[in-house]
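Please keep the sequence and model at hand while reading.

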Amino acid sequence: GLGWARLSSLPDKPVHHMDAAHGKGVVWAAVHDSGLYKATDGTTFTRNPGLGVYKAMTFGISPADRQYMVITGKGEDPMCSHDGGASWKPCVVNPAIGQDDNFSHKMQSSDHYGLLPKAGDRMVWFAHRNQHMGRSDDGGRTWEWAGEFYDGSHTHCIGFHPTNWLTFAQA
């Protein structure tokens with residue numbers, strides 16, 4: 001475009017995450033301490049009524065089926081939706097063997113969790129937070145962690161090869 005314009009229909013708070021991959025003016029935004037917002041015209045946002053006020057940090061939408069969504073929030077239970085955000089259910093997040101039962105595995109930290117749905121399978125999702133790597137095989141309903149720490153790294157971003165999910169990169 002030729003310039004930037006403020007999205008005045010969003011609260012005057014940090015936007016932690018946005019998704020416009022659907023196209024056709026559909027944009028989702030996770031707004032700090034406020035909730036998940038959606039625009040169908042690209043600019044006019046309304047808060048998701050199924051989630052309400054939610055301390056949103058990050059979310060993911062499955063490219064295989066955009067009805068499948070997962071969201072995490074600061075001090076909030078992670079939630080999943082299989083109807084495009086019309087309704088939400090808390091996710092079950094289990095600790096890795098030997099991991100303390102705390103915010104770290106429950107996906108409730110104020111740190112950003114990365115949520116990455118598998119491109120061709122709405123049921124398979126990956127999550128990361130610093131040294132932790134998780135996987136869901138049921139559309140985000142239940143999460144298991146690879147171990148107390150994942151490779152000793154401080155991962156802030158992860159991406160998978162589009163045709164070979166055994167190959168990935170982290171930064």
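## Terms and basis

Buried means under 20% relative accessible area, exposed means over 50%, and partly exposed lies in between (1.4 Å probe, protein chains only). By that scale Asp 33, at 27% relative accessibility, counts as partly exposed.

This is a predicted model: local features need pLDDT of at least 70, side-chain atom pairs count only at pLDDT 80 or more, and totals for chains, interfaces and linings use all residues. Residues are numbered from 1 along each chain as its sequence is written, and side-chain values use heavy atoms, with hydrogens and water left out.

## Salt bridges

Side chains of opposite charge can pair when their charged atoms come close. Here a salt bridge is a side-chain nitrogen of Lys or Arg within 4 Å of a carboxyl oxygen of Asp or Glu. Searching the whole structure gives four of them. One joins Lys 74 to Asp 33, at 3.6 Å from N to O. Lys 74 sits in the loop between strands E6 (69-73) and E7 (76-81), and Asp 33 in the loop between strands E2 (26-31) and E3 (35-39), so this pair ties together parts 41 residues apart in sequence. Strands (E, at least two residues) are DSSP runs, numbered from the N terminus. Lys 74 is partly exposed, at 28% relative accessible area.

Asp 65 bridges to Arg 122, with the closest N and O atoms 2.6 Å apart. This pair also links distant parts of the chain. Asp 65 is in the loop between E5 (56-61) and E6, while Arg 122 is in the loop between E10 (114-117) and E11 (125-129), 57 residues apart. Asp 65 is buried at 19%; Arg 122 is partly exposed at 34%.

Asp 137 and Arg 135 form another salt bridge, at 2.7 Å from N to O. Asp 137 is partly exposed at 48% relative accessibility. Arg 135 is partly exposed too, with a relative accessible area of 37%.

## Ser 62

Which residues does Ser 62 touch, not counting residues up to four places away in sequence? They are Tyr 68, Pro 117, Lys 118, Arg 122 and Trp 125, where contact means heavy atoms within 4.5 Å. Ser 62 lies in the loop between E5 and E6. It is buried, at 0% relative accessibility.

## Cysteines

The structure holds zero disulfides, a disulfide being a pair of cysteine sulfur atoms within 2.5 Å. The cysteine sulfur closest to that of Cys 80 is in Cys 91, 4.3 Å away and too far for a bond. Both cysteines are buried: Cys 80 at 6%, Cys 91 at 10%.

Definitions and conventions
Helices (H or I, at least four residues) and strands (E, at least two) are DSSP runs, numbered from the N terminus.
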